[in-house]
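I opened this model to look up its core, its pockets and its backbone angles. My notes follow.

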Amino acid sequence: MCGAELHSLPEGVQRVARALQDADHPHVPVMLDGAARTAQEAADALGVELGQIAKSVIFKRKEDGVAVLVVASGDRRVDEKKVSALVGKIGRADADFVKAQTGFAIGGVSPVAHLHPPVTLLDQDLWRFDEIWAAAGHPHGVFRLRPQDLPDLTGARSVDVVQASPGAQVQTADACRALAQDAP
């Protein structure tokens with residue numbers, strides 16, 4: 001991406017593009033025709049599965065007011081109890097807090113290029129996919145990556161931070177029944 005292309009993008013997307021370029025990431029942000037404020041809107045616009053959207057959810061750590069970023073698969077719901085167990089008690093973050101801490105509006109929060117580096121956790125369920133998409137600093141901006149790119153780009157590790165999916169609960173129950181039937 002050359003300088004002229006970069007300057008035609010919104011400021012938040014420019015920051016993300018520079019961060020990706022500095023990290024030698026092979027994909028640049030793209031601007032969608034419509035807004036992708038939700039994971040579902042992004043998935044629909046890109047023609048990918050909902051789970052391939054790496055949504056960025058910001059919380060506020062209660063003890064010190066630090067932003068906590070959870071990058072989660074779009075088809076999963078963040079489990080606040082699991083997050084709290086890893087980073088300390090958290091609360092919801094309002095739009096003003098998100099903008100002040102990240103430099104991005106809700107609906108465009110990127111996993112990279114935050115104004116103030118957050119405590120970051122990565123949903124291990126993202127590794128189900130070869131390719132995922134994340135917000136690029138604007139509700140119309142996204143960029144492509146692989147789940148394994150996230151630790152390098154964010155400095156974070158993958159952990160279990162989401163509620164159990166209904167399918168996983170059924171599989172676990174089925175496995176337990178099968179074990180019980182096989183028991184002497």
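The model is predicted.

**Entry 1: second largest pocket**

I began with the second largest pocket, with a volume of about 150 Å³. How do the residues of its lining divide? I get nine nonpolar, three polar and no charged. The lining is made by Ala19, Leu20, Leu69, Pro111, Val112, Ala113, His114, Pro117, Pro118, Thr120, Leu153 and Thr154. Helix 2 and helix 6 each give at least two residues to this lining.

**Entry 2: largest pocket**

Next I looked up the largest pocket. Its volume is about 630 Å³. It has 32 lining residues, and Arg37, Lys55, Ser56, Val57 and Ile106 are the closest to its centre. Two or more lining residues come from each of helix 3 (39–46), strand 2, strand 6 and strand 7. Which element gives the largest share of the lining? Strand 2 does, with seven residues. By class, I find 19 nonpolar, seven polar and six charged residues in this lining.

**Entry 3: nonpolar cores**

I then turned to the interior. Nonpolar side chains tend to be buried together in soluble globular proteins. The largest nonpolar core here holds 25 residues. Those touching the most other members are Val16, Ile58, Val71, Ile132, Phe143, Leu145 and Leu150. At least two core residues come from each of helix 2 (11–22), strand 2 (53–61), strand 3 (67–73), helix 5 (95–102), strand 6 (132–135), strand 7 (141–145) and helix 6 (149–154). Strand 3 supplies the largest share, three residues.

I checked Ile58 on its own. Leaving out residues up to four places away in sequence, Ile58 touches Ala67, Val68, Leu69, Ala93, Phe97, Val98, Thr102, Val109 and His114. There is also a second, separate core of twelve residues, including Phe59, Val70, Ala72 and Val87.

**Entry 4: positive phi**

Last, I looked up backbone angles. Most residues other than glycine have a negative phi. Asp24 has a positive phi, near 60°. Asp24 sits in the loop between helix 2 and strand 1 (30–31). Is Asp24 buried or exposed? Asp24 counts as exposed because its relative accessibility is 71%, and the cut-off for exposed is over 50%.

Ala113 is not a glycine either, yet its phi is positive, about 70°. I place Ala113 in the loop between helix 5 and strand 5 (119–123).

Notes: Residues are numbered from 1 along each chain as its sequence is written. This is a predicted model: local features need pLDDT of at least 70, side-chain atom pairs count only at pLDDT 80 or more; totals for chains, interfaces and linings use all residues. Side-chain values use heavy atoms; hydrogens and water are left out. A nonpolar core is a set of buried Ala, Val, Leu, Ile, Met, Phe, Trp, Tyr and Cys residues joined through side-chain atoms within 4.5 Å. Buried means under 20% relative accessible area, exposed over 50%, partly exposed in between (1.4 Å probe, protein chains only). Helices (H or I, at least four residues) and strands (E, at least two) are DSSP runs, numbered from the N terminus. Contact means heavy atoms within 4.5 Å. On a 1 Å grid over the protein atoms alone, a cavity is a set of points where a 1.4 Å probe fits but cannot get out, and a pocket is an open set with protein on both sides within 12 Å along at least five of seven lines; lining residues have an atom within 4 Å of a point. Grid points are joined across faces, edges and corners, and a volume is the space filled by probe spheres set on the points. Ala, Val, Leu, Ile, Met, Phe, Trp, Tyr, Cys and Pro count as nonpolar, Asp, Glu, Lys and Arg as charged, and the others, Gly among them, as polar.
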